[in-house]
Amino acid sequence: MTMDALELLIDLHQPNPRQGPGGDAQTELALHLTGLDPAAPLTVADIGCGTGAATLALARLLPRAQITAVDFLAPFLAKLQQRGEAAGVADRVVPLQASMSELPFADAQFDLLWSEGAIYNMGFEKGVKSWRRFLKPGGVLVASELTWTTSTRPPELQAFWDTAYPEVATAADKMAVLERHGYSPLGYFVLPETCWRDAYYRPLQAAFADFLKRHGHSEAATAVVAEHEQEIALYDTHAAHYSYGVYVAQRVD
Ligand SMILES: C[S@@+](CC[C@H](N)C(=O)[O-])C[C@H]1O[C@@H](n2cnc3c(N)ncnc32)[C@H](O)[C@@H]1O
């Protein structure tokens with residue numbers, strides 16, 4: 001991706017409440033499934049945090065936690081910092097600009113590793129494998145990941161995701177990956193449509209007109225909007241067949 005294309009993506013996504021499908025209720029449900037004591041002084045990292053949708057929900061739900069919010073894009077972290085200050089949780093949320101594949105963490109540093117709609121950037125298997133050592137023994141990983149929700153699907157949809165994200169698979173396959181790499185699954189659920197439509201796509205679509213105006217309807221900005229419209233159309237047609245699965249898995253030794 002050229003730098004200009006990345007800057008356009010940042011400019012489109014930064015004003016929105018979240019940069020991928022999800023929701024506060026689903027963050028809370030996943031946290032409940034970890035079995036961790038919310039009143040404990042937990043050490044947490046939110047990897048690929050964007051502007052902090054899940055980070056801020058976790059800071060609210062875990063009043064004594066210290067949360068490291070990791071993203072490789074500084075503008076998203078700056079927005080997260082502002083939101084943390086507005087929510088009165090900035091003293092417990094530390095932004096960290098780093099790549100998720102080269103995290104500067106110590107072994108057994110965290111009780112909880114969190115990652116919503118982001119682990120695909122390095123691939124689910126590589127991510128769960130390389131992040132495991134950052135968890136304390138018995139610590140918990142929560143990651144949302146593109147997942148087939150039916151056992152068969154239209155060939156054109158299969159072909160699309162096989163090319164766009166070859167690791168797309170069913171929940172059973174994803175849990176096998178977790179088990180293979182030293183985790184025991186504690187819980188799993190599928191993000192409902194509202195997490196895609198109301199929480200993510202609708203605010204994004206509402207931002208298209210201003211975004212195009214800001215960039216003088218340039219060819220590059222128009223192409224960015226068209227790509228997002230295509231992604232939304234794909235979801236509208238095939239929502240029954242895929243979603244993000246939310247995986248809650250404990251480090252076992
Ligand atoms: C789809 S967004 C999800 C953001 C946020 N978790 C949410 O649900 O709103 C994926 C995030 O991962 C970040 N990201 C992508 N590749 C990354 C990498 N290699 N290292 C760190 N962050 C990365 C992006 O900047 C973006 O903020």
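**Exercise 1. The enclosed space**

What volume does the largest cavity have?

*Solution.* This is a predicted model, in which local features need pLDDT of at least 70, side-chain atom pairs count only at pLDDT 80 or more, and totals for chains, interfaces and linings use all residues. Residues are numbered from 1 along each chain as its sequence is written, and side-chain values use heavy atoms, with hydrogens and water left out.

Step 1. Start with the method. Rolling a probe the size of a water molecule over the atoms shows where empty space is left. On a 1 Å grid over the protein atoms alone, a cavity is a set of points where a 1.4 Å probe fits but cannot get out; a pocket is an open set with protein on both sides within 12 Å along at least five of seven lines; lining residues have an atom within 4 Å of a point. Grid points are joined across faces, edges and corners, and the volume is the space filled by probe spheres set on the points.

Step 2. The structure holds one cavity of 30 Å³ or more. The largest cavity has a volume of about 60 Å³.

Step 3. Among the lining residues are Pro21, Gly22, Trp114, Glu116 and Val246. Helix H2 (residues 24–34) gives the most, with three residues. Helices (H or I, at least four residues) and strands (E, at least two) are DSSP runs, numbered from the N terminus.

Step 4. Sort the lining. It divides into five nonpolar, five polar and one charged. Here Ala, Val, Leu, Ile, Met, Phe, Trp, Tyr, Cys and Pro count as nonpolar, Asp, Glu, Lys and Arg as charged, and the others, Gly among them, as polar.

**Exercise 2. The open space**

Which helix gives the most to the lining of the largest pocket?

*Solution.* Step 1. The largest pocket holds about 1500 Å³ of space.

Step 1. It is lined by 49 residues, and the closest to its centre are Gln19, Gly117, Tyr120, Asn121 and Tyr200.

Step 2. The elements that give two or more residues include H6, H8, helix H9 (219–238) and S8. H9 gives the most, with eight residues.

Step 3. The lining residues divide into 33 nonpolar, ten polar and six charged.

**Exercise 3. Two helices**

Where in H8 does the kink lie?

*Solution.* Step 1. Check the length. H8 has 22 residues and reaches 30 Å from its first C-alpha to its last, close to the 32 Å expected at 1.5 Å a residue. The expected span is 1.5 Å times one less than the number of residues.

Step 1. Find the bend. It is the angle between axes fitted to the seven residues ending at a residue and the seven starting there. H8 has a kink of about 40° at tyrosine 201, shortly before proline 203.

Step 2. Compare H9. Its 20 residues should span 28 Å, and its end C-alpha atoms are 29 Å apart, which agrees.

Step 3. Note what follows H8. Histidine 217, in the loop between H8 and H9, has phi near 50°, a positive value in a residue other than glycine. Histidine 217 counts as exposed because its relative accessibility is 53%. The cut-offs are under 20% relative accessible area for buried, over 50% for exposed, and partly exposed in between (1.4 Å probe, protein chains only).

**Exercise 4. Aromatic rings**

How many aromatic pairs does a search of the whole structure find?

*Solution.* Step 1. Set the rule. Rings of Phe, Tyr and Trp (its six-membered ring) pair if their centres lie within 6.5 Å; planes under 30 degrees apart count as stacked, over 60 as edge-to-face and the rest as tilted.

Step 1. Count. The search finds 14 aromatic pairs.

Step 2. Take one pair. Tyrosine 120 and tyrosine 165 have ring centres 6.2 Å apart and planes at 80°, so they are edge-to-face. They sit 45 residues apart and link distant parts of the chain. Tyrosine 120 is partly exposed at 40%, whereas tyrosine 165 is buried at 8%.

Step 3. Take another. The rings of tryptophan 196 and tyrosine 242 have centres 5.9 Å apart and planes at 85°, so this pair is edge-to-face. Tryptophan 196 lies in helix H8 (residues 193–214) and tyrosine 242 in strand S8 (residues 242–251), so the pair ties together parts 46 residues apart in sequence. Both residues are buried.

Step 4. Widen the view. Tryptophan 196 and tyrosine 242 belong to one aromatic cluster, which also includes Phe160 and Tyr235.
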